[in-house]
Amino acid sequence: MFCVAVAWVAGVGQALAKGYGAEYYRSPVGFAITLAGNVGEIRSNHFHTGLDIKALQGVGSPVYAVADGYVSRVGVSPTGYGHVLYVTHPNGETSVYGHLNAFAPEIARWVREQQYAKRSFRVDLHPERERFPVRKGERIAFLGNTGSSGGPHLHFEIRDAQGRPRNLVAEGVYRVSDRVVPAVSRILLYEVNTAMGIPYRTLRRSVAVRTSADGTAVPEDSVLVLNGRGYLAYEVIDYKDGKSNTMGLYAMEQRVDSVTNFRFAIDRVNFATNGYVNAFVDFAENRRARRTSVLRAYVAPHNRLTIYGVRGDGIIDLSAAGTATGRRQVETIFTDDAGNRTTLRFGLVRSLDGERCEPAPVVPQGEAVLWSVGRTFRVPGAEVEIPGGALYESAILRAERDTLGGRSIVRVGSADVPLHRSAKIALRPDSVSERLRAKALLVAVDELGRIGSIGGRWEAASGRVVGQTKRLGCFAVAVDTLSPTIKAELGTGATLSEGRSLRWEVTDDLSGVSYYTLSVDGQWELLAWDPKSRTMEHRPVRGTAPRRHGVVLTVSDAKGNVKTWKGTYVW
């Protein structure tokens, strides 16, 4: 009933403790597992924690308990996992089933009762252990597309006794057809220098790489140039057999002159450190890479991930090499969760006769910000407080007043600088009348002058709008006075046919929907909200004979702008 999972494949690692495998767990679906995403795939601000199983039999296909246990948690949310079930097993592990279309009838009835008791669509419930015992292979739910899902699929996890999602394909618990090697498309060479006591990096060169089906990767130049000290990053993509969905890399090992100086393997995802993915990737390049991932062979000072398997930070020091050119031989091995490998080899030298590589390093302008200490920037009418532990590595940053897209903005660093902890921003607007102060909020402004809400509120004592952000860049004050819009799918007065629900399209221009409530004949009724499709839905309970009902839908945005829709329907 046990299998031993090996963490470092192909010379990359160490053995894990015994884990429960295929003998213990069955599939959560009744068809072949085909993946739209895997454990460790790079997502916005986090590693993906489960298997995204494609809906090969469509929305509403059965979802099964993978082992005996009991339902320990049930959630309903317009975002995140949407409709989600957690089943705790006798071995101490927990299976998770997300983006469900519906729960099994007995569970669904209980959840609906709780929603009405709490007068809330969103619930996070923890039923008693005895309420919903389940057997292996029992139908517990139906596959769907709820929450922050990009399309119909089942998000599935098995979390170990410490609550960490396991890499189920890498451990061999589930097998997925995969003979495709990881494809490396670029090597990025960064030189590291120091100014004001702060290390800063310069992208020295980006080198194209060609990967063959046999797992051999060849750069356009066999010998690359890097001055002094620096590190490497790699642009990588992986697929499963015959599928276009991109997958996350399982492991990488970088050897310099046959000695490993960097490696990782993603066997477990720890929720406590998941946000450090922004230090794991080359954040700025990763934003531009779209379908691929750009991974750093470097461990930043403020990186608490436990996936690394070697001491050291991945820095390569050519100035310490024994030859005149400081030549080093680099071999990097990329491994996917099915064990397919790609090997990349190249030479690394420093330039001759003291000549520098191009481009020459540009020393950043601004103030030194230690990652462990932080700094508060003050410019006319604005204050930005970056707390200690917000940056993943120390940086030289500048704050200034400017204009962008016709707006007065404050610019702090750039949007290429991620934050692990939120920075506090306080801006004094040029002019906001007293009656509109409650409608003021902070917005991020992109390079094209487009704005996006980051929230915030008017602070009367300072006369500023105050909010928080986890991304640096350009910020301004905006005012939101427009109410949400509500558009009914059916015109008022209509008769609902059997099985038909009431649906409304709801949109908001800036601050976003924050509150909504539905009443039917003056009584609170359950209303499902799906932000991705901008749809609110009510499924009425029918009486013995059709009759006319008065329906009132009220929606408010985050700045208190309210829209009320009224109508009548017959069911």
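A: Here is the pocket, from its space to its lining.

This is a predicted model, in which local features need pLDDT of at least 70, side-chain atom pairs count only at pLDDT 80 or more, and totals for chains, interfaces and linings use all residues. Residues are numbered from 1 along each chain as its sequence is written, and side-chain values use heavy atoms, with hydrogens and water left out.

The largest pocket holds about 1000 Å³ of space. A pocket here is an open set of points on a 1 Å grid over the protein atoms alone, where a 1.4 Å probe fits, with protein on both sides within 12 Å along at least five of seven lines. Points are joined across faces, edges and corners, and the volume is the space filled by probe spheres set on them.

Lining residues (an atom within 4 Å of a point) number 40 in the largest pocket. Nearest its centre lie Y200, R201, E393, A395 and V417.

Six polar, ten charged and 24 nonpolar residues make up this lining. Nonpolar means Ala, Val, Leu, Ile, Met, Phe, Trp, Tyr, Cys and Pro; charged means Asp, Glu, Lys and Arg; the others, Gly among them, are polar.

Helices (H or I, at least four residues) and strands (E, at least two) are DSSP runs, numbered from the N terminus. β17 (198-211) gives the most to the lining, with six residues. At least two residues each also come from β16 (183-195), β20 (229-237), α2 (277-280), α3 (283-289) and β30 (395-397).

The second largest pocket has about 870 Å³ of space. Its lining has 30 residues, and α1 gives the most there, with five.
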